[in-house]
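Colleague: I am new to this structure. Could you take me through it step by step?

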Amino acid sequence: MIGAIAADRPGAGYATLLSGGIDSGTVTYLAAARGLDVVPYSVGTPWGDEFADARELCDAAGLGMREVRLDEDAIVRAIPAAVRWLGTAAAEVVEVALTATAVYQAGVLEPGRVLLTGYGSDLIDAGLFTPFERPEELIEQGLESIRRTRVSGELSNRMPMAHGVEAFHPFWTLPVMRVAHETTPACKVREGREKFHLRSAMAEHSHRGSPGGARSPCTTAAGSRTASGGGSRPTWASPIPSASTGRASRSCFPWPGKGIWTTGTRKRSTPPPSRHPDE
């Protein structure tokens with residue numbers, strides 16, 4: 001999708017909102033890999049930042065990162081605008097939009113750059129799942145998250161456009177959402193970790209080499225969110241355990257039989273038929 005966005009805007013410059021997580025890291029990395037003129041912005045507040053993790057990715061991708069420091073007043077000023085543009089005062093919805101709203105209001109993004117974000121991945125890639133017993137339950141959780149977000153205004157372009165910013169959310173596009181929906185729950189949640197398939201896919205990129213010839217921190221950064229949605233601070237990516245990345249990547253697509261899914265401390269499995277000679 002990043003390629004399709006760029007094809008419609010030849011010569012455009014791009015910006016990303018880069019945290020230390022896998023979602024914004026993937027978007028930033030893939031934009032750089034396509035040779036786009038991309039400037040990552042990483043945002044810090046009085047309550048913390050992820051500058052170190054974000055800079056690790058930028059160093060590997062050969063990108064210069066810009067730090068944005070928002071004070072408490074900037075966050076508070078963003079609340080009325082976020083409520084207005086979202087059309088809701090629901091705390092959990094407004095909270096998600098506060099950082100981006102404050103960034104728009106501060107005018108820190110270089111004028112004319114197209115903004116790419118990692119928003120939407122949590123919804124389609126089991127980033128915020130709750131414990132489940134059957135894989136069908138995880139699928140329904142994802143569909144319900146999509147239904148709620150469609151009417152919440154969280155990922156609409158009204159707010160950025162009001163500040164003269166053209167924004168795109170590559171994860172929140174039909175082709176990407178379709179692939180995510182067709183990806184087996186066994187690969188979205190594995191060994192107590194969310195977004196296993198996305199981490200595996202990005203590990204494949206790191207093995208082929210990062211932009212500029214450097215290795216991506218995809219397989220070296222330590223730590224990630226746990227399956228419960230809490231745990232340590234998320235990093236751009238983290239080690240892929242117990243399998244080669246090639247086998248992990250191939251396992252991320254639906255099999256004709258049942259796979260393995262994790263339910264907190266419980267795990268059930270029915271091995272799928274092998275389609276690959278090395279499995």
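Modeller: Here are some questions and answers on the model.

Modeller: This is a predicted model, where local features need pLDDT of at least 70, side-chain atom pairs count only at pLDDT 80 or more, and totals for chains, interfaces and linings use all residues. Residues are numbered from 1 along each chain as its sequence is written, and side-chain values use heavy atoms, with hydrogens and water left out.

Colleague: What pLDDT does the protein average?

Modeller: pLDDT is the predictor's confidence in each residue, from 0 to 100. At least 70 is the score of 73% of the residues. Residues 209-279 stay under 50. The protein's average is 76.

Colleague: In what order do the five strands form the open sheet?

Modeller: Strands (E, at least two residues) and helices (H or I, at least four) are DSSP runs, numbered from the N terminus. Two strands pair if DSSP finds at least two bridges between them. Five bridges join E1 (residues 13-17) to E2, and four join E2 to E3 (residues 66-69). The pairing is parallel, and the order is E3-E2-E1-E4-E5.

Colleague: Which strands stand at the edges?

Modeller: An edge strand here has a single partner strand, so one side is left without a neighbour in the sheet. That describes E3 and E5 (167-168).

Colleague: Which residue of E3 stands opposite Ser42?

Modeller: Some facing residues can be named. Ala15 stands opposite Val39 in E2. Tyr41 stands opposite Arg66 in E3. For Ser42, the residue opposite is Glu67.

Colleague: How many of the eight residues of strand E2 are buried?

Modeller: Buried means under 20% relative accessible area, exposed over 50%, partly exposed in between (1.4 Å probe, protein chains only). E2 covers residues 37-44 and is largely enclosed by the rest of the structure, because its buried residues number seven.

Colleague: Which residues touch the most other members of the largest nonpolar core?

Modeller: A nonpolar core is a set of buried Ala, Val, Leu, Ile, Met, Phe, Trp, Tyr and Cys residues joined through side-chain atoms within 4.5 Å. The largest has 31 residues. Those touching the most other members are Tyr14, Leu116 and Ile124.

Colleague: Is Ala89 buried or exposed?

Modeller: Ala89 lies in the loop between helix H4 (72-86) and helix H5 (91-106). Contact means heavy atoms within 4.5 Å. Beyond its neighbours within four places in sequence, Ala89 is in contact with Val83 and Val94. Its relative accessibility is 63%, so Ala89 counts as exposed.

Colleague: What kind of aromatic pair do Phe129 and Phe132 form?

Modeller: A search of the whole structure finds one aromatic pair. Rings of Phe, Tyr and Trp (its six-membered ring) pair if their centres lie within 6.5 Å; planes under 30 degrees apart count as stacked, over 60 as edge-to-face and the rest as tilted. Both Phe129 and Phe132 are buried. With 5.8 Å centre to centre and 75° between the planes, the pair is edge-to-face.
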